[in-house]
Amino acid sequence: MGRIKDIRPLKWTGEALLLLDQRKLPLKEEWVECKDYECVARAIEQMVVRGAPAIGVVAAYGVVLGAKEMAEKTKGYLDFKAKVELIINRLAATRPTAVNLFWALKRMRRIVEAGTDIEEIVVALETEAINIERQDVETNRKIGYYGAELLSSREVILTHCNTGALATAGYGTALGVVRAAVEMGKDITVFVDETRPYLQGARLTAWELQQEGIPYYLITDNMAGWFMSLGEVTCIIVGADRIARNGDTANKIGTYTLSVLAKEHGIPFYIAAPTSTFDLSIKSGADIPIEERSEDEVLYCHCKNCRIAPYGAKVKNPAFDVTPHENITGIITEKGVINAPNEEKVLEFFSQ
C-alpha cells in the first residue's frame, strides 16, 4: 500500500482556528471557524472536536485567540495576564477527564507567566500552540512505530471509539498503530466497535479507515465478545484520556468491558497514548474524574435525532470508564512500551 492519506481535523490560519465538525461526519465534511476563545470552548464541549490529544491542541489555539483579543482590550500587562488566566480557566472547564487538555494549558500558562511584554507574549503563545500541534503529530508517528513492531505480519485488531487522525492533530494513537503497521506492509484488518452512545467508531473510525482503504468490519459493541470467542480477533488496541501512575487507564466507556473479555480469551490488550496522557499526581484510576454527559446522547439516536427511549426514562451516561492495569498487556507511548504496567514500572519508565 502507498502512503497513508493525511487527515487533519484542524487548521490554524493565524487569525482563526478551523475545525472539521465531527458531529456531521461521515455524511458531511463541514468546517467550523472559531475566531475567539469562547467559540473554541463551545466546540470542545459540544464535540465538534474530541479526542484527548486533539482537545489539548485546540485549547492551546483557544488561548492564542483569547490572548489576541485581550491584547486589544487591556492596557497593562498585569491586567492582560489576569484576563488570559480567566480564559485558560474557561478552557480547562470544558472536559474534566482528558488530561492532555490540562497539559497543553499548563504549557500555555508558563508562557504567560514568564513574559512582561504583551505583544511578545502573544507571539510566544502562538509559537507554542504551533509547536504543540507539530509535536503531537510527531509523537503519534512514534507511537505508531512502537505499536506496529509488536504486531505480527497478519493481525485482526479490534478498536474502540475513535483514536485516529480526527482524535489528534493528525495520524492517531491506537489507529496510528494500525496506520504504521499498514505502512510497514503488514496485513491488517480492523474490527470497529460502533461505540455507543455517541457512535465515534461507526461515524469516525469507519470513515477514516474507508478514506485510507484499510479493510474493516463495523460491529455493535455487544458483538465484541462473541467474535473473540470465535478466534476472529487477535489483538485489541485502544486509546486513553488519562493514565494514573499505577497504569490504570480511563478511556471511552466500554473499554473496561473489552479488557475483561480480552483477559478471558487470552487476547493482548494494548493502550496507545502519548506520555502527556499520564497523570503521575494520581495513584490509581479511582482518582480519575469521570465526565457525565447529557442524557440526550442516550435518549436520542445521534444521526437521525429521533428519540429511541420512552419519555420519563432515567439515564446514566458516564463518558469514560477505568481499565485496571492488571488487564493491560502494555502501554504504547512515543518513548517505548511499558509491558504489564504497574506503579513501579511506570515510575521507572518516567525516570529514564
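Are Cys34 and Cys39 buried or exposed? Select the pair and look: both Cys34 and Cys39 are buried. Keep in mind that this is a predicted model.

**Stop 1: the disulfide**

Stay on Cys34 and Cys39. Show their side chains. A disulfide joins the two, with 2.5 Å from S to S. How many disulfides does the structure hold? There is one. Now turn the view to look along the S-S bond. The angle about that bond is -60 degrees, and the link of Cys34 and Cys39 is left-handed.

**Stop 2: two other cysteines**

Which cysteine sulfur is closest to the sulfur of Cys235? The answer is the one in Cys161, and the gap is 17 Å. That is too far for a bond, because a disulfide needs the two sulfur atoms within 2.5 Å. Now check how covered these residues are. Cys235 has a relative accessibility of 2%, so Cys235 counts as buried. Cys161 has a relative accessible area of 7% and is buried too. The cut-off for buried is under 20%.

**Stop 3**

Switch to a cartoon view. Select residues 10-12 for β1, 17-20 for β2 and 31-34 for β3. These three strands form an open sheet. Their order is β1-β2-β3, and the pairing is antiparallel. Which strands stand at the edges? They are β1 and β3. Each has a single partner strand, so one side of each is left without a neighbour in the sheet. Neighbouring strands here are turned by 20 degrees against each other on average, direction ignored.

Opposite Trp12 stands Leu17, in β2.

**Stop 3: a pocket**

Next, colour three helices: α2 (52-73), α4 (99-114) and α5 (118-148). Each supplies at least two residues of the lining of this second largest pocket.

Finish by colouring the lining by class. How many of its residues are nonpolar, polar and charged? Six are nonpolar, six are polar and three are charged.

Note on methods
Residues numbered from 1 in each chain as written. Predicted model: local features only at pLDDT ≥ 70, side-chain atom pairs only at ≥ 80, totals over all residues. Heavy atoms only, no water. Buried < 20%, exposed > 50% of the residue type's maximum accessible area, 1.4 Å probe, protein only. Helix = DSSP H or I, 4+ residues; strand = E, 2+ residues; numbered from the N terminus. Nonpolar A, V, L, I, M, F, W, Y, C, P; charged D, E, K, R; others polar. Pairing = 2+ DSSP bridges. Axes fitted to C-alpha atoms, helices over the stretch in contact; angles between N-to-C directions.
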